[in-house]
Amino acid sequence: MESSGGNASRIRREIEALKDEKARIEQKILELENQLREEVSLAPQQQENESVCDGCCPSLSAADANLAHGLTAGSIYRYSRHLLLPSFGVQAQSNLLKSSILVVGAGGLGSPALLYLAASGVGRLGIVDHDVVELNNMHRQVIHTETYIGQPKVKSAAAACQSINSTIQIVEHEQALRTSNALEIMSQYDIVVDATDNAPSRYMISDCCVVLGKPLVSGAALGLEGQLTVYNYKGGPCYRCLFPMPPPATACQRCSDSGVLGVVPGIIGCLQALEAIKIASDVGEPLSGQMLLFDALSARIRSVKIRGRSPQCEVCGENTTFNQQRFKDFDYEKFTQSPLSTSPQKLKLLTPESRITSKEYKERVVSGEPHVLVDVRPEHHYKIVSLPKSLNIPLTSLEARVPEISSALKGQEEGGGSGANLYVICRRGNDSQRAVECLQNMGFDLAKDIVGGLESWANDVDPNFPMY
Amino acid sequence: MHLTLEFGGGLELLCESVKVHNVNVDMPKGADKLTMKDLLAWVRTNLIKERPEMFIKGESVRPGVLVLVNDCDWELSGQLDTTLEEKDVVVFISTLHGG
């Protein structure tokens, strides 16, 4: 067993290495092909010029052919549909090619934002992310492909951007954005796009943009709704002007807990690219002092007027003392009471006597122990997958449905002797602890939770149990 | 007074997942106007069915909730002192952080 396990991991490593190499080679081929195309598209002009001029009359090289905007022949062809727009044209495209934009997060929002920013010809495009591509990202993080599962999102996103547009510079920042590196990374760019997924990151990125004087294109999406605005732009408000106090941590839902329809961050991410392009090319009116609210179910987009810069703002206000040093020292996780990383929380509410592992539970099932298993997940979670003979009573309705638990326990006792046990399970083992606490307070002294929930069942007992 | 109240960004979960409420709110006894302060108290009593702390903090909304009166941030119209008029649309929206 062990040697075959060792073999498998060696083969996996080899596959990974070969895939890396393949990606590198494909990248190189692409660059060369593009170089070749540029050479070929320039060559006929040069030859023609040389033969007509015969070396004596003034040459008609690209530089003289009224190309004061500095776009190359290749760029003119590539971006021709932009250039044909009277309200965009060569000036805006030229501005865009000279601009640099940083996208923080290569997830649901960052995916479409990066694809469009790369395609549209942003001169230098930076990507920050510390995560790896997972199968449950694919439904919305459309920049990544299945071949990149397990690999850094930055690498995957950079390869995708470069394969769309090999003429721009892509910079990979394969690290988590922190107060220790944010100033250094963000100072290298003209515009920042916030495509992150948590509250502390949003405060941190906004504060850093204020300190560095960079405009911030901020988007968010959850469930079937999205929000978009531009902060710190030409005297407009910053994130803290709008939200001086952080929300309670319980109000900060994550896509990994609450779900999100894939196309919703897709739409908001596209709009973020649009706002960033408008700022970079100096075209139109960026969404500053306004917020766009998107509701997918009613197909409604509305733009509302929000407050301007607050003179009392702690970070951008008139008497602020917030500076680079204060930024570096600020504890954003403490401020928002929630972690910068996306790893799910692990509560420890109960004493060890009130808990059993999934393996122990399995043994008790096999031994035929009389018991009741209450699954406290929401009903729509329960419908995805559940353990056999479990009773679904969502945590929110636990108190009201206690009689059902009592009668289920009675039923067990009649069938298999006295003292049926009561176990509680949920997805990851947090809500089950809350439920056990609640049940113990109501007199179910022997209620126990299953540590780590269905996730640990899948990891430690039944590897074929579907996880979501 | 007829008002349209809308909840979004997850706040609708506090009022039985209904986003749009067409309501009729009486002015407080002896008062000649209805303010946002009055409306918040009315919403708290009549529409919020669970976890009121996710909506109200003190006498205002909790941090992270934007209030819009006729598509305009209530900061610009006087916050709690904003006077409401017939057929106004008031939106309560929780800021999102996901992506």
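What percentage of the 99 residues of chain B count as buried? In chain B, 34% of the 99 residues are buried, a residue being buried if 20 or more other C-beta atoms, placed from the backbone, lie within 10 Å of its own. The structure is a predicted model, in which local features need pLDDT of at least 70 and side-chain atom pairs count only at pLDDT 80 or more, while totals for chains, interfaces and linings use all residues. Residues are numbered from 1 along each chain as its sequence is written, and chains are lettered from A and ligands numbered from 1 in the order in which they are written.

Chain B contains one helix and eight strands, assigned as DSSP runs (helices, H or I, at least four residues; strands, E, at least two) and numbered from the N terminus. Their order along the sequence is β-β-β-α-β-β-β-β-β. The radius of gyration of chain B, 13 Å, is close to the 13 Å that the globule rule gives for 99 residues, so chain B is as compact as a globular protein of that length; the radius is taken over C-alpha atoms, and the rule is 2.2 Å times the number of residues to the power 0.38.

In helix H1 of chain B (residues 36-46), Met36(B), Leu39(B) and Val43(B) are buried. These residues cover an arc of only 55° around the axis, which puts them on the same side of H1(B); the arc is that of the directions from the helix axis to the C-beta atoms. The buried residues of H1(B) pack against strands S1 (2-8), S3 (34-35), S7 (83-84) and S8 (89-94) of chain B.

Contacts between the chains involve 20 residues of chain B and 35 residues of chain A, with contact defined as C-beta atoms, placed from the backbone, within 7 Å.

Chain A is divided into domain 1 (1-56), domain 2 (99-336) and domain 3 (352-461), with bounds from an automatic or database domain assignment. The C-alpha centres of domains 1 and 2 of chain A lie 31 Å apart, and six residues of domain 1 are in contact with six residues of domain 2.

Conventions:
Two residues are in contact if their C-beta atoms, placed from the backbone, lie within 7 Å. A residue is buried if 20 or more other C-beta atoms lie within 10 Å of its own, exposed if 12 or fewer, and partly exposed in between; C-beta atoms are placed from the backbone.
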